[in-house]
Amino acid sequence: MTVLKDTQQLLDKLKNAYKKNDLATGKTVLGQIKIKLIQLPAVPPNSDFSSPTAQQELLLARDVYEHAVLLALKSQSEAALESSFTQLKTFYADTRSVLPAAPQQWMFAGLNLLRLLVANRIAEFHTELELIPAEGMTVPHVASAVQLEQWLMEGAYNKVLAAGKSLPPECSFAVEQLSATVRDEIASCAEASYPSLKLADAQVLMMLASRKETEEYAKQHGWAIEGDVVHFNKAAAADATAEQHMRLINHALLYAKELERIV
Amino acid sequence: MAAAAVMPSSAAGLLTLLDDENDELKHYALVHLNKVVHEFWFQIASYIGSVEALYEDDEFKDRELAALIASKVFYHLGELDSALTYALGAGTHFNVDEQSEYVQTLIARCLDQYFELRVRQVEGKEAVDIDPRLVAVVERMLDRCCAHGQFEQAVGVALEGRRLDRLQALVAAAPDQPALLGYALRVCQRLVVNKDFRQQVLRLLIRLYEECEQPDYVVICQCLMFLDDAPEVAKILNKLLSSGREDDVLLAYQIAFDLVDNELQSFIIKVQEQLPKLPEPPAAEPPAAAAPAAAADGAADAADAMDTDAAAPAAAAADANGGPAPAAAAAVPEMAPEMVEKLSKLRDILSGKTPIGLNLEFLYHNNKADLQILKNIKGAVDARVSVAHSATILANALMHTGTSIDTFLRENLEWLSRATNWAKFSATAGLGVIHRGQLQQGKALMAPYLPRDGHTGSPYSEGGALYALGLITANHGAGTQPFLTESLRASGNPIIQHGACLGLGLAALGTNDEEVFEDLKNVLYTDDAVAGEAAGIAMGLLCCGSGSDKAQEMLAYAHDTQHEKIIRGLAMGLALISYGIEEAADTLVEQMAREQDPILRYGAMYVIGLAYRGTGNNAAVQKLLHYAVSDVADDVRRAAVLCLGFVLMGAPEQCPKIVALLAESFNPHVRYGAAMAVGLACAGTGLREAVSLLEAMLGDGTDFVRQGACIALALVLAQQPEAVVEPFRKRLTKSITDKHEEVMARMGSIMAAGILDAGGRNASVALRSGSGYFRRTSVVGLAVFTGYWYWYPLSYFLSLSLAPTAVIGLDSQLRAPKLELVCNARPSLFAYPPPVTTETSKEVAKVEKAVLSTTAKARERQKKKDAEKQKEEAAGKAAGMDVDEPAKPPAAAADATAAAAAAGDSSSGPKEGDGAAAAGGAAGDDKAADAAGKDKEKEKEPASFTVTAPCRVVPHQVKHMALPAGSRWVPVKRGAPLSGILVLRDLTPGEPVEYASSGTTGGPAAPGAAAAAGAGAAGQQQQQQEPEAAPPAPFEFAP
């Protein structure tokens, strides 16, 4: 039972650290708790729900995983976010049969959606979305994430940026990344639509603050700047089509040869 | 922990732990991942980098566990090589004893890799480093097999891994050594592809066999034969003979029979040389001496030639009979007379005299060939169509292979005379097929046709006769070789040279005789297309299987000459030289396959086919398949597909599958090749897949494909139960009688009819000897036979591959006692097919009634004419017919008329009567059996029946055969199948023995038995076999 007690104490410490925004302490405490958790028989994947304290252990573990996510959100660390969300999700799934649904489950789901959205991982976003039942859709976190995704797909980027400011407090991490994502989207659209663009227009289009930032951004994407005109690189695309043609020709020749050989 | 069985929904949570800094967490994650890896490998796969990193981290204590997980993931991903690498890295975590699919697969992979490396190390002589961990796993496997008593698997592993040391240890540890050794031997013969290693294994096996308490000399001698170790075999035979125990002597006889059965002439000759020499001169000389003597006589006095021929062998043979024992005894007083007797018996077996004599006897007495079938064919084909006509003669020859029965030819002399030029050559050669095995009298039989000084006959019949002589003495030609050489040197006519070359090649098959080779080369260098072709083939026959460097000489000449025929002959010759040498032929194949000339590429295919005959070698199959689809020349493609049949002879059941696609090719040549490949590979098996494949091809749109399908199907269905064959027979009849059928297809049907009833329905294509190894003569015969595509006379080579399917029991005196055998199967299953019913023959007769009645008269006239002719000849030149009657004193010329007339009528008369009676009897039985089978259901048909050896036992029947309980006779060879020639031990010696009498021919029974005993009773044999030995009446073809 000492393990349980220790864990409880460590969890309290973790909560304190989170409240105080003490990320470093939070991280060390979290590491310690995880080691304790694997010693608890009821926590998956040990999954021995027969012990008398199973409920208590599981609740405790859930608390830990939820706080791990919150902590990761605060620290803005991509890797930590990834792993903490994965762990939490697996935990929810594994304990669904023995624990009542967590009150904050859908909030975390919404946060996860938002995280995927701002990272422009649309495919995974939709996979996750499919897993959320109707009741979960009404939770503001989920609803706003879904709304944002729709705008993004429509190309209503101004709406996206405007909405970014009115997100729930836990979502603040996403705001800045969201604008970066939107800018990349615009850039890729512009690249496909125009052969070249005036620098000033590009700056407005991509909502960049200064000409210098624009030039910087152009350099990142490998666009050529001549005077005050940005040339999107079309040569590469042309190459690609030539290559495609060659491939097609090769295939055709190969088929012809194989046909000859058919006995 | 029962509840722990709750399956987590995902491994994602655990996987995140892998990136944690804490080792304890990582360990925990790995342990749990290992439990769920088979369910969540796809999730782990995305994190495989982390797992691999853990394994590569030398500091990490659970790196082996990480390796195991990585291995399992790679296994699921199908990357077995990576999986294996990691499994080896997992050390003891990788549990060899686990029964999971994962472990089984990886172990198989592991063994494969080990084998590959070992093969490269041992055979490629490469410096290959074998991972010691790999070796450890293999060793663990072997130990486990031993512990579980799975010795056969272990032997397989040891052989594949080229581990002779383990093989030896395994045999030592096995509880049932002989069985395991037998298994190892079988595996070694069938599956070890590399020749060098196979020989090493054989050496080891021989040693192990000899260490057994009761060495199995039969097997040891077989092994020694493959190692070409004649002295050792001779030593064993000698030891057995002189041990004094009756059983050992019998065993020696049996070994000799088995050795002869494998038909390796050169080896047998070496064994004979190595046997104690003392009684040899008188035993071996006379026949050889007699032949030149006769030839000399013939040269001296043409008019008396026939007489002399008839008399000389008889006298010489009498000498030989009486001669050896006393002469030897006189020469070697220290050798006991009984020992001399045994030795001379052994020599007779080895020289082929006894077994061939027994087979002749059997084929003659049990001939069930249905003349009505031939008559029907003859009635249906137009004699002016030479192709069909020749094919009919071939069908007759095949049906009567080795039976010495030439009734059909005698009855149809006029019809026969339509064969002109090369058809005449072939027809004469056909006589050789009919008289196949008449070693002593071969020359006498063919005498009327053989070239003689001062007599200018048709070169076609003379050449054909020389060829026939070769066919008669194929593989046992020591006696006729000098005569053939003489004829070859003497003649300048390319047609005669053609026949002489073929004959010489056959007689000296595989002997590598330098002198003969020089003679053949001289013929080749005359650069005559006809003679050169035969010389090329003959060179191949002569050096068959030697892989000698003469091949390069021949190839060089093939480049020089302009004649396609010569190139083709040489190409076939090169293939024959490469027979069975496997890898050693690879350079030659490379060389020939790159030639510009399609004929040489065609030869290259045959080289592959024969070099890898029956090995099923993958590389060879692939090469052939490649050429079958990519070469530009139809001939090459056809040959490539056809040769697949040779390569796959060892595993007939695979052949239909492999060529199934090719059989549907758009190219008729490929289709023909596919049909023949199936026919060759599945000959005599009656395999269902083969039959259905070929049956579909019988309706092919191209005539020569139908031809191939007919021939192939006949090869496959020969001696199958009549219920299976009957539809095919009907189809053949239809095709033959159908006037609108194209001539090529009809030719195929006629040949097929001959093949189906080969050797009087008592022989079939036997690619393997009784001990399961390939008979070289058979395979070579088939290979040359396929050359009939270009050159019809080559079709007679098929007779080489026919072997009687008999069971013949012999006692210690090498006489055949009546041996009762039980066959545990319904009688109708293995009965001879019923003769063609009178109804069908009437049907045919109805159509041609007018013709028949006139032919009857014509025959009368012909007979008279014949008699007159004979009279003339007998009186004038004292030719031919007297050979028939050596027993009669060469009496007055007046007698000769009567004798000739008698020969014309009566010599065929009783035979026919016999045949009819026998056939009638068989028919009665069959009908009864049939009726039982159909009308009264199966209850009436007994589940087993008794036969009396010598009798026909078809290959499928062998497994049903058993000795009756309390049989007096027991085969001396332990556990041998009841087929072929069996030497028997008499359990109650002293009691009177009832011998299978051969009195049907009217000869006295005792000499008959003595002849069967084959103790050199050539003279008696001649007397006894007098009627069937009779050469056909000297019908001269009127060209």
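Visitor: How are the axes and angles of packed helices defined here?
Guide: Axes are lines fitted to C-alpha atoms, for helices over the stretch in contact. Angles between N-to-C directions run from 0 to 180 degrees.

Visitor: At what angle do helix 11 and helix 12 of chain B pack?
Guide: The model is a predicted one. Helix 11 of chain B covers residues 195-211 and helix 12 of chain B covers residues 217-226, with their axes 10 Å apart. The angle at which they pack is about 155 degrees.

Visitor: Is helix 11 of chain B roughly parallel or roughly antiparallel to helix 12 of chain B?
Guide: The angle between them is about 155 degrees. Angles over 145 degrees count as roughly antiparallel. Therefore helix 11 of chain B is, relative to helix 12 of chain B, roughly antiparallel.

Visitor: How do the residues of the contact of helix 11 of chain B with helix 12 of chain B divide by class?
Guide: The crossing of these two helices is left-handed. Helix 11 of chain B brings B:Gln199, B:Leu202, B:Ile206, B:Tyr209 and B:Glu210 to meet residues of helix 12 of chain B, including B:Val219 and B:Phe226. The division is eight nonpolar, one polar and one charged.

Visitor: How many nonpolar residues does the contact of helix 29 of chain B with helix 31 of chain B have?
Guide: Among the residues making the contact are B:Cys501 and B:Leu502 of helix 29 of chain B and B:Ala534 and B:Ile537 of helix 31 of chain B. Besides three polar residues and one charged residue, the nonpolar ones number twelve.

Visitor: In chain A, at what angle do helix 6 and helix 8 pack?
Guide: Helix 6 of chain A passes helix 8 of chain A in a left-handed crossing. The axes are 12 Å apart, and the angle is about 140 degrees.

Visitor: What is the area buried between chain B and chain A?
Guide: In this interface, 24 residues of chain B are in contact with 18 residues of chain A. On the chain B side, B:Thr16, B:Leu25 and B:Tyr28 lose the most area, together 24% of what that side buries. Carbon and sulfur atoms give 65% of the buried area, which is about 1,900 Å².

Visitor: How many salt bridges are counted between chain B and chain A?
Guide: Over all chains, the whole structure has 43 salt bridges. One of the pairs is B:Glu232 with B:Lys235, at 3.5 Å from N to O; both residues lie in helix 13 of chain B, three residues apart. Between chain B and chain A, the count is zero.

Methods
Residues are numbered from 1 along each chain as its sequence is written. Chains are lettered from A and ligands numbered from 1 in the order in which they are written. This is a predicted model: local features need pLDDT of at least 70, side-chain atom pairs count only at pLDDT 80 or more; totals for chains, interfaces and linings use all residues. Side-chain values use heavy atoms; hydrogens and water are left out. Helices (H or I, at least four residues) and strands (E, at least two) are DSSP runs, numbered from the N terminus. A crossing is left-handed if the near helix is turned anticlockwise from the far one by less than a right angle, and right-handed if clockwise. Contact means heavy atoms within 4.5 Å. Buried area is the accessible area (1.4 Å probe) that two parts lose on being put together, summed over both. A salt bridge is a side-chain nitrogen of Lys or Arg within 4 Å of a carboxyl oxygen of Asp or Glu. Angles under 35 degrees count as roughly parallel, over 145 as roughly antiparallel, 65 to 115 as roughly perpendicular and the rest as oblique. Ala, Val, Leu, Ile, Met, Phe, Trp, Tyr, Cys and Pro count as nonpolar, Asp, Glu, Lys and Arg as charged, and the others, Gly among them, as polar.
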